[in-house]
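Reader: Please take me through one part of this model closely. I would like the metal site first, then its surroundings.

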Amino acid sequence: MKFSFRPYTLELKHVFTVAEMSRSTTPVMLTEIEYNGITGYGEASMPPYLGESHKTAAEFLSKIDLSKYENPFELEIILADIDAIAPGNLAAKASVDIALHDLVGKLMNKPWYDIWGFSKNTAPYISFTIGIDTPEVVRQKVKEGEEYKIIKVKLGKDTDKEMIETIRSVTDKPLTADANQGWSDRNYAVEMAHYLKEKGAIYLEQPMPKEDIEGNAYVTEHSPISTIADEAVRRLADVKNAHGVYSGINIKLMKSTGMREAYKMLILARALDMKVMIGCMTETSCAISAASQLSPMADWADLDGNLLIKNDIFTGTKIIDGRLTLTNKPGIGMEKL
Ligand code: MG
């Protein structure tokens with residue numbers, strides 16, 4: 001197997017604001033694994049607040065030598081070796097995992113939803129994300145997301161209710177909310193959860209800082225809608241800690257080190273009777289198509305990251321009438337444009 005990577009920078013259609021910061025680009029690393037004339041593609045998306053960059057990813061990925069493996073189907077061995085190279089580097093690890101899955105799926109001539117035994121016909125509707133912004137921009141974005149059946153609103157600043165009222169002034173679609181750890185008072189978080197329920201919200205993501213386990217557990221206990229751990233859950237081992245603290249988990253390939261561990265997280269969460277959502281960063285259709293392979297088993301999917309960028313270079317899973325629509329293509333179900 002021959003492994004290569006190159007840096008790329010995603011340009012966002014809108015400046016994106018979450019509770020911590022604003023930005024207009026996202027650095028990504030694009031990977032390829034070639035074997036017997038077939039190429040698998042992967043991607044690492046590295047929003048700066050997660051601590052990875054072109055530099056850290058290049059350093060990590062240069063240490064990978066796939067030429068020593070003869071059988072690409074030995075995913076468990078290869079990916080465990082890569083994980084052991086250095087701690088962290090979660091997105092960089094995901095970029096190798098995704099490319100390897102794409103390659104293996106192509107060698108089997110099957111998409112991963114097929115290999116895993118899911119039906120692409122049960123892929124969920126997706127939410128369209130609206131960042132914290134002025135009422136004018138929020139209204140404009142609601143219009144842009146016309147095709148979507150669910151709106152996800154970013155909260156966590158002092159304009160929370162204004163954001164919701166603005167959205168409600170132009171649409172009555174179901175909402176989902178993400179506070180991105182922005183609330184520090186558990187009673188305020190519970191009050192907001194009730195307010196959100198009244199306003200037609202389905203779930204509330206990461207209400208309080210991930211370190212405040214007791215606070216988040218309190219919110220979950222008193223919230224009329226499901227709470228979802230996002231920042232608090234990255235990898236498989238975090239799922240059991242989230243049990244009893246949140247109603248569900250948000251699985252993202254860039255946190256989980258890729259598809260293999262994401263699948264294990266999904267199965268464990270199900271066994272613990274927890275809700276599962278599949279989320280993303282701003283990514284090309286490469287990582288989005290990879291994540292979408294798991295989506296038929298998720299309660300909710302938040303896979304609109306490719307729609308927020310101007311310079312996608314892949315085509316794969318699409319949104320048709322607000323629903324994730326997976327291709328029949330093998331591997332992660334996408335092609336280079
Ligand atoms: Mg989130």
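Which residues are the protein donors of the magnesium ion, and how far from it do they lie?

Author: This is a predicted model, in which local features need pLDDT of at least 70, side-chain atom pairs count only at pLDDT 80 or more, and totals for chains, interfaces and linings use all residues. Residues are numbered from 1 along each chain as its sequence is written, and side-chain values use heavy atoms, with hydrogens and water left out.

Three side chains supply the protein donors: D178 (OD), E205 (OE) and D230 (OD). They lie 2.1 to 2.2 Å from the magnesium ion. Donors here are N, O and S atoms within 2.8 Å of the metal (3.2 Å for Na, K and Ca), and sites may look incomplete because water is not among the atoms. Along the chain the donors follow the spacing D-x26-E-x24-D. Helices (H or I, at least four residues) and strands (E, at least two) are DSSP runs numbered from the N terminus. D178 and E205 are both buried. Buried means under 20% relative accessible area, exposed over 50%, and partly exposed in between (1.4 Å probe, protein chains only).

Now follow the chain on from strand 6. The loop between strand 6 and helix 7 (186-198) holds Q181. Its phi is near 70 degrees, a positive value in a residue other than glycine. Most residues other than glycine have a negative phi. Q181 is partly exposed, at 21% relative accessible area. N109 also has a positive phi, of about 55 degrees, and is not a glycine. This residue lies in the loop between helix 3 and helix 4 (112-116). With a relative accessibility of 58%, N109 counts as exposed.

Axes are lines fitted to C-alpha atoms, for helices over the stretch in contact, and angles run from 0 to 180 degrees between N-to-C directions. Angles under 35 degrees count as roughly parallel, over 145 as roughly antiparallel, 65 to 115 as roughly perpendicular, and the rest as oblique. The crossing of helix 7 and helix 8 is right-handed; the near helix is turned clockwise from the far one by less than a right angle. From helix 7 come R186, N187, A189, V190 and H194; from helix 8, E214, G215, Y218, V219 and H222 meet them. The residues of this contact divide into 4 nonpolar, 4 polar and 2 charged. Contact means heavy atoms within 4.5 Å. Ala, Val, Leu, Ile, Met, Phe, Trp, Tyr, Cys and Pro count as nonpolar, Asp, Glu, Lys and Arg as charged, and the others, Gly among them, as polar.

Two further helix pairs follow. Helix 5 (residues 135-144) packs with helix 6 (residues 160-170) at about 45 degrees, with axes 9 Å apart. That makes helix 5 oblique to helix 6. Their crossing is right-handed. P135, V138, R139 and V142 of helix 5 meet E162, M163, T166, I167, S169 and V170 of helix 6. This contact has 6 nonpolar, 2 polar and 2 charged residues.

Next, helix 2 (residues 75-83) and helix 3 (residues 90-108). Their axes come within 10 Å and cross at roughly 165 degrees. The two helices are therefore roughly antiparallel. This crossing is right-handed. L75, I78, L79, I82 and D83 of helix 2 meet K93, V96, D97, L100, H101 and V104 of helix 3. Here the residues divide into 7 nonpolar, 1 polar and 3 charged.

Finish with P124, in the loop between helix 4 and strand 4 (127-130). P124 counts as buried, at 9% relative accessibility. Its C-alpha atom is 8.7 Å from that of M297, 173 residues away along the chain. Beyond neighbours within four places in sequence, P124 contacts S295, P296, A298, D299, W300, A301, R323 and L324. Helix 12 (residues 285-292) is mostly covered, with 8 of its 8 residues buried.
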